[in-house]
Amino acid sequence: MTLANVKLVLAREVRDQLRDRRTLFMIFVLPLLLYPILGMSFFQMAQFMREKPSRVLVVGVRELDRLPRLFENKQFDPGLFGSAEQWKLLEVTFAATEPRPGRLAPVDTREAAWHAVESGQYDAALFFPPDFAQRLDAFRDTLRERRSSLTDAADTGPVSVVDLAVPSPEIVYSTAVETSQIAYGRLAEALRSWTDRVGADNLAVGGLPATAARPFSLHSADVASETPRRGAARWSKILPMMLVLWAMTGAFYPAVDLCAGEKERGTLETLLCSPALRSEIVVGKLLTIILFSAATAILNLLSIGLTGAIVLSQFEGFGTPPLLAVAWLGVALLPVAALFSALCLALAAFARSTKEGQYYLMPLMLVTMPLCVLPMAPGVELNLGNSLIPITGVVLLLRSALEGQYWQAVQFAPPVIAVTLACCLLAIRWAVDQFNSEGVLFRESERFDVAAWLKRLVRDRQPTPTAAAAVACGVLILLARFFLGAALETPGEFGAFVRSVVVTQVIIIAAPALLLTLLLTSSPGRTLLLRRPATWWTIPAAALLALVLHPTMNVLQRVVVQLYPVSEKVKDALVPVERMFAEAPFWPLVLAIAVLPAVCEELTFRGFMLSGFLRAGAKWRAIAYTAVFFGLAHGVLQQSLIACLVGVVIGYIAVQSGSLLPAVVYHLLNNTFAVAGSRITPETLDQFRVLASMLTGTPDSGYTFHWQIVLAGGLAALLLLGWFARLPHLKSLDEELRDAMRRRLEEEERWKHSAA
């Protein structure tokens, strides 16, 4: 790679972007105007944001004698509220207690309160039971009698207090109406203050001071109130997310213009014909996109910070953004901008036109937004498991740094940096591959005709499916598993469990792949890898690999559970399933969990989908894509991560052996070992000393292998994988064509040398 060529490409692309007035406006002008305009608009709209009083209907009680005052002048007592403004936000209407014309009973029932709120006449209603005041007075009389008995007849022992249950008032409101929920909150606060008054009065009646129930009050002190970090908790959730979103948005539009735009203008061919290598062109364009992405993010963050310092700092809990935020955001900006720039460059290179490229922003946004919003969820904090999640780890790391938790940030910075750099390298590699593919760069725009498309699918069927067909199959399986899985009830007995497994494996997983194989391919045997393996030794090798790799998988499973603990709700839901497994017969359980999934899932994932992804010509990429879909097909997160790792191993076996049979054997034995492991108990270890010498039981009814067994099994697995690597791997039609062309060119070169 020549640095001079990269500089020339960079200067060319930057110059082209600076000539576009729309780009200059979006990057330099809009961020400086957007947030101040929003701030001024906020002040203008503040006059329309006044709180509206809540209409409250009181049913059942108008006056409460001998009790602390609840109502005054047909309104709530002002002393129940913290301020006069809060008192004015409740408008009280008392229900009629006299019979209305045409009715025999007064309108003081719960049904009347219910109907008044449901019909929208009132925002909420306060219903007192008919005998509320009498029962409360009787309770207070009992307290007085007890006090006098204890005072006058101390030698007779304590007098028991009759348990007089006082019926509770009820607030009637609707969660479907926001104003009703607001009224509920205001009304509940007033009744809470009144209940405290009643409790203090009852203590006085019983001869106890009012401070007996609350002997002390709680005071608080904010250590950040006098420091620059006041309000950092709010800014730490806003600024990192805005950094990610604006880095992505700032990279997307320049990338579309530099790739898809050049295709439309016809200038991409001129650039490709220059002496610069494809990798140099990619690096030059990538540096240009990173530059504009970083500029967009910086200007937007500066505008947000200045506007927030004026507007948001006036609200409680907000302060001026910490000055250290500039340093931390600046450190994280470069890798984030590089990651999204590479992703946007690859997507833009894949697009046929600028219009198509703009459509790709929404899928990228849908993938990025959950990763940005996850750190804002309650209870999500920076730990080792969360630091390994792309984007989420960066946002959590920045949040910890902005909050002043420097030791936590330093502790988990290495995994966050490693994951981010790995994602950047993969994205850059993907962008380079896109530019090295002539079929991607020079795809022509076309109109989509459903009838013509279906005819071409039937008429021009290939021996194996395309990568698009593999993706469609995977998405169809995931959708079917989501909707049908939600419809299926959790099995309560083993027979129902077997039926649900058969439905899931046969109908949801295997049926779509087999149907698409018959419709879209001309060679079902080649598509599903139903052929002889490269050597029959791959079958026992796959079985042995499943055996020696099982201790390592057991350790990885426990590591995953520690990084991402299973919630208590999921544990409770799995208790009856685990009990059912323990009581079920062993071999029928193996048939349901090991044999049937090994056949159905391998036909789908290592058969149809792997053959489709291999059409792209990249072996490891096909294995990785198939493993990701295989992991997503499992419902629980922890199970999905382990299934993804297992899918990589099985996919490698299928590719290197060229047959589905070794993959089925590995899958079958892997699941069988899991079923057998669930039957291991302390009694089993006492009975079989060989097992006790290899593993140890755990308190959670599981087991762990001794480190010597894990180490020996890992080394044996590496040797077996090395043996598989020496086999000639399964090649796609495109790879075979490229190999044939390379051999032809080598023969022509040898012929030229021999002729000379």
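How much space lies in the second largest cavity? In this predicted model, the second largest cavity holds about 30 Å³ of space.

## The second largest cavity

The structure contains 2 cavities of 30 Å³ or more. Lining the second largest cavity are S236, K237, C372, P375, M376, V395 and R399. By type, the lining residues comprise 4 nonpolar, 1 polar and 2 charged. Two helices, α7 (232-258) and α15 (392-402), each contribute at least two residues to this lining.

Helix α15 is mostly covered, with 11 of its 11 residues buried. Among them are V395 and R399, both of which also belong to the lining of the second largest cavity. Just after α15, G404 adopts a positive phi of about 85 degrees.

L239 is placed in helix α7. L239 counts as buried because its relative accessibility is 4%, below the 20% cut-off. Between L239 and R399 there are 160 residues of separation in sequence, while their C-alpha atoms are 8.5 Å apart in space.

## Salt bridges

The structure has 11 salt bridges. One of them joins E13 and K285, with the closest N and O atoms 3.0 Å apart. This pair connects distant parts of the chain: E13 belongs to helix α1 (residues 3-18) and K285 to helix α10 (residues 278-310), 272 residues apart. E13 is buried, with a relative accessible area of 1%, and K285 is buried as well, at 0%.

K285 also forms a salt bridge with E262, where the closest N and O atoms are 2.5 Å apart. Here too the pair links distant parts of the chain, since E262 lies in helix α8 (residues 260-265), 23 residues from K285 in helix α10. Both K285 and E262 are buried. A network of salt bridges links R12, E13, E262 and K285.

Another salt bridge pairs E493 with R499, the closest N and O atoms being 3.5 Å apart. E493 is partly exposed, with a relative accessible area of 41%. R499 counts as exposed because its relative accessibility is 52%, over the 50% cut-off.

## A nonpolar surface patch

L18, F25, M26, F28, V29, L32, L33 and I37 make up a nonpolar surface patch of about 680 Å². Helix α2 (residues 21-45) gives the most to this patch, supplying 7 residues.

I37 is one of the patch residues and is found in helix α2. With 45% relative accessibility, I37 counts as partly exposed.

Definitions and conventions:
Residues are numbered from 1 along each chain as its sequence is written. This is a predicted model: local features need pLDDT of at least 70, side-chain atom pairs count only at pLDDT 80 or more; totals for chains, interfaces and linings use all residues. Side-chain values use heavy atoms; hydrogens and water are left out. Patches are made of residues with over 30% relative accessible area and no salt bridge: like charges are joined within 9 Å, nonpolar side chains (Val, Leu, Ile, Met, Phe, Trp, Tyr) within 5 Å. Accessible areas come from the Shrake-Rupley method with a 1.4 Å probe; for residues, only the protein chains shown count as cover. A salt bridge is a side-chain nitrogen of Lys or Arg within 4 Å of a carboxyl oxygen of Asp or Glu. Helices (H or I, at least four residues) and strands (E, at least two) are DSSP runs, numbered from the N terminus. Buried means under 20% relative accessible area, exposed over 50%, partly exposed in between (1.4 Å probe, protein chains only). On a 1 Å grid over the protein atoms alone, a cavity is a set of points where a 1.4 Å probe fits but cannot get out, and a pocket is an open set with protein on both sides within 12 Å along at least five of seven lines; lining residues have an atom within 4 Å of a point. Grid points are joined across faces, edges and corners, and a volume is the space filled by probe spheres set on the points. Ala, Val, Leu, Ile, Met, Phe, Trp, Tyr, Cys and Pro count as nonpolar, Asp, Glu, Lys and Arg as charged, and the others, Gly among them, as polar.
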